[in-house]
Amino acid sequence: MADSVVLDPVDLHLLRLLQNDARTTYRDLAAQVGVAPSTCLDRVARLRRAGVILGHRLELDPAKLGRGLQALLSVQVRPHRRELVGPFVERIRALPESRTVFHLTGPDDYLVHVAVADMTDLQRLVLDEFTSRREVARVETRLIFQQWECGPLLPPAAAAPASAGASAAAPAATP
């Protein structure tokens, strides 16, 4: 891959730790990885400059925000032309219910993860924001019963952490 970055075991260990808790201090990271805090700071800054670390996100519980029902909407757009799909994606991304939008291959063109208050809100969203659009040919809705976050994202050939204590505990289920 032309865009891939070479990562050594220290970089990989830092990425594992930061993906499990992005609020970990540089001092704590350095101690867990076995480098000086200044080295840790330099390495994380290099990973940011290289585009490996894209940002930090705050994870919220949708149910506690009044959005206890989540669904995946498979959307087929016809005709699938740039002048139609660009505005479609912009509109869908701007909806407060939209969590993630994927552009796909296959029979469906988009997969949209949404979080809504209840079934009535989901029906309103599908009818008013999706099927009412002239370019939307079909919407298929799948409710999400439960979801789990998976382990840290690392390169395919990444080695195991240097110490046994470096592996992360299993993430908790989210609604």
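Modeller: Please bear in mind that this is a predicted model. Side chains of opposite charge can pair when their charged atoms come close. Here, Arg142 forms a salt bridge with Glu140, and their closest N and O atoms are 2.6 Å apart.

Biologist: Is Arg142 buried, exposed or partly exposed?

Modeller: Arg142 has a relative accessible area of 40%, so this residue is partly exposed. Glu140 likewise counts as partly exposed, because its relative accessibility is 33%.

Biologist: How many salt bridges does the structure hold?

Modeller: The structure holds twelve. One of them joins the side chains of Arg43 and Asp11, at 2.9 Å from N to O. Arg43 belongs to helix H3 and Asp11 to helix H1 (residues 9-20), so this pair ties together parts that are 32 residues apart in sequence.

Biologist: With which other residue does the side chain of Asp11 meet in a salt bridge?

Modeller: With Arg46, at 2.7 Å from N to O. This pair also links distant parts of the chain, with Asp11 in helix H1 and Arg46 in helix H3, 35 residues apart. Asp11 counts as buried because its relative accessibility is 2%, whereas Arg46, at 29%, counts as partly exposed.

Biologist: Why does Leu65 count as exposed?

Modeller: Its relative accessibility is 55%, and exposed means over 50%.

Notes
Residues are numbered from 1 along each chain as its sequence is written. This is a predicted model: local features need pLDDT of at least 70, side-chain atom pairs count only at pLDDT 80 or more; totals for chains, interfaces and linings use all residues. Side-chain values use heavy atoms; hydrogens and water are left out. Buried means under 20% relative accessible area, exposed over 50%, partly exposed in between (1.4 Å probe, protein chains only). A salt bridge is a side-chain nitrogen of Lys or Arg within 4 Å of a carboxyl oxygen of Asp or Glu. Helices (H or I, at least four residues) and strands (E, at least two) are DSSP runs, numbered from the N terminus.
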